[in-house]
Amino acid sequence: MEVKVVLCEILLPLLLLCLHAWRFVDGVQFEVSSRTTKCVAEEIQSDVLVVGDYKIVSSSEENLRITIKVTSPYGKQLHHQENVASGQFAFTSKESGNFMACFWLQNAPPNANVNLALDWKTGVGAKDWASIAKKDKLEGMELELRKLEEAVESIHHEMLYLRDREAEMRDLNEVTNSRVAWFGIMSLLVCLGVAGWQLWHLKSFFERKKLL
Amino acid sequence: MRIWALLLGIAATALSVCLRTADGLTMTVHKVECVYEEVEYDGDMVYGNFVVQDYEIFWGSDHPGIELVVTGPQGNKVHSSTSKEAEKFEFRAPRRGLYKFCFHNPALAPEDLTFYIHVGHIPGIQDLAQDENLKPVNVKIAQLAEALEAVSAEIRYMQNRDKRHRSTNESTQRRLIAYTVAESVMLLGASIGQVYLIQQLFSKRIGYNRV
């Protein structure tokens, strides 16, 4: 009985670790060449948890290392690592905007390239579900339903954000519309005013020169 | 033994019904940019969208658009589509493996592109038969998760399109103000110049006559 309990205690974390390692294969992969910087960005709202895992999946030569820099929309550096083959970063966004992660090869010969896998999770996907499950003692289906509940909430937030953006755009369009009308009338008035001034000025000039 | 089975059940359920990660990122496309996605099972549904955020185009009809070509793990072309503005795509992956999504930009100016790719898996009837811990309710939960992911994808698509339309509208307003001011200044300048030129012409002629 004791041996079985010990086995379960060792195997469950191992299984969860395998789970995590298996999920690590997910995520988008792209190439980084030796002479270019590859930057990916995402528009993220404030107060959102962002977790990123990156690792070199395949490379054209041995011992290629990359440098990564993650910056906030105002240029503040959130994560900076040089000469690594893999790593991870996590932060909570303080402001909303474009968060960018840039990768480039360090000290590499020309024509070298690597395939980099970046697993970039925000919001619901970034939460540590394993520890939440352990803390609240949730099992299989309950955990999945809790995940779905959080996903629905985040969808609701995104819809509200979209609605606000649409309201802003409508305001912008109405301002543009009224400005078109005003500037058109103003242009016409300027044109007419200038024509009137021209006539008056030339008339008085010719009368002075005794030509009229 | 029961704890063992329960743990295996949890692991199996979690493994098969996990919310898959979806990837939505913005990239700058110079000539060709390729992105790879791993498809875990045969017959998985791959869907996504891409929105061209062009900030540099002067005339709207200038740009030929960005072309997306999807190649399978054996090198066969699975899907292709071209779009000037935004496009959604969806296909069923015939084989598991690494799929390559390439965005081609035939124009000279680099373009910003926001794309979103999602690989969804729903356990099918064979998985139900093979794994005794997988119940039909798990399949329903997986379908629900996929449906929610599809809704989330649509919202992202609309948000990216809204970003693009917003930049067009702001550019419209800037152009309006700039062109109105420039037009007024040039009109004033041209008319004052006309008046003084005419004055000079007539002054010269009279001067000529006196001589």
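## A helix with a buried side

In chain A of this predicted model, helix H2 spans residues 129-136, and its residues Trp129(A), Ile132(A) and Ala133(A) are buried, where buried means under 20% relative accessible area, exposed means over 50%, and partly exposed lies in between (1.4 Å probe, protein chains only). Because these residues cover an arc of only 100° around the axis, they lie on the same side of H2(A), the arc being that of the directions from the helix axis to the C-beta atoms. Helices (H or I, at least four residues) and strands (E, at least two) are DSSP runs numbered from the N terminus.

The buried residues of H2(A) pack against helix H3 (140-208) of chain A, whereas the face turned away from the buried side carries the exposed residues Lys134(A) and Lys135(A). After H2(A) comes Lys137(A), which has a positive phi, near 55°.

## Nonpolar cores

The largest nonpolar core holds 46 residues, of which Phe103(A), Trp120(A), Phe101(B) and Phe115(B) touch the most other members; such a core is a set of buried Ala, Val, Leu, Ile, Met, Phe, Trp, Tyr and Cys residues joined through side-chain atoms within 4.5 Å. A second, separate core of 7 residues includes Ile155(A), Ala145(B), Leu148(B) and Ile155(B).

Leaving aside neighbours within four places in sequence, Phe103(A) has contacts that include Phe30(A), Val32(A), Tyr54(A), Ile66(A), Ile68(A), Leu116(A) and Leu118(A), and also Thr36(A), Thr37(A) and Lys38(A), contact meaning heavy atoms within 4.5 Å.

## A buried loop residue in chain B

Ala93(B) sits in the loop between strand E6 (86-92) and strand E7 (97-104) of chain B, and it is buried, with a relative accessible area of 0%. Not counting residues up to four places away in sequence, Ala93(B) touches Val39(B), Asp42(B), Gly43(B), Asp44(B), Val46(B) and Tyr99(B). Asp44(B) is 49 residues from Ala93(B) along the chain, yet the C-alpha atoms of the two are separated by 5.5 Å.

## Chain B as a whole

Chain B has 3 helices and 8 strands, arranged along the sequence in the pattern α-β-β-β-β-β-β-β-β-α-α. Of its 211 residues, 47% are buried, and among its contacts with a separation of 6 or more, 78% join residues 24 or more positions apart. Chain B exposes about 11,400 Å², with carbon and sulfur atoms supplying 59% of that area; accessible areas come from the Shrake-Rupley method with a 1.4 Å probe, and for residues only the protein chains shown count as cover.

## Recorded annotations on chain A

An unreviewed UniProt entry lists "domain: GOLD" over residues 37-147 of chain A, a stretch that is 14% helix and 54% strand in the model, with its end C-alpha atoms 36 Å apart. UniProt also lists, from an unreviewed entry, a "transmembrane region" at residues 180-200 of chain A; over these residues the chain is 100% helix and 0% strand, and the end C-alpha atoms are 30 Å apart. UniProt positions are given in the numbering used here, feature names are shortened, and annotations may be inferred rather than shown by experiment.

## Confidence and conventions

Chain B has a mean pLDDT of 81, with 82% of its residues reaching 70 or more; pLDDT is the predictor's confidence in each residue, from 0 to 100. Over residues 7-19 of chain B, pLDDT stays under 50, and the model has 28 contacts beyond four places in sequence for this segment. For the complex, the predictor gives an ipTM of 0.75 and a pTM of 0.77.

Residues are numbered from 1 along each chain as its sequence is written, while chains are lettered from A and ligands numbered from 1 in the order in which they are written. Local features need pLDDT of at least 70 and side-chain atom pairs count only at pLDDT 80 or more, whereas totals for chains, interfaces and linings use all residues, and side-chain values use heavy atoms, with hydrogens and water left out.
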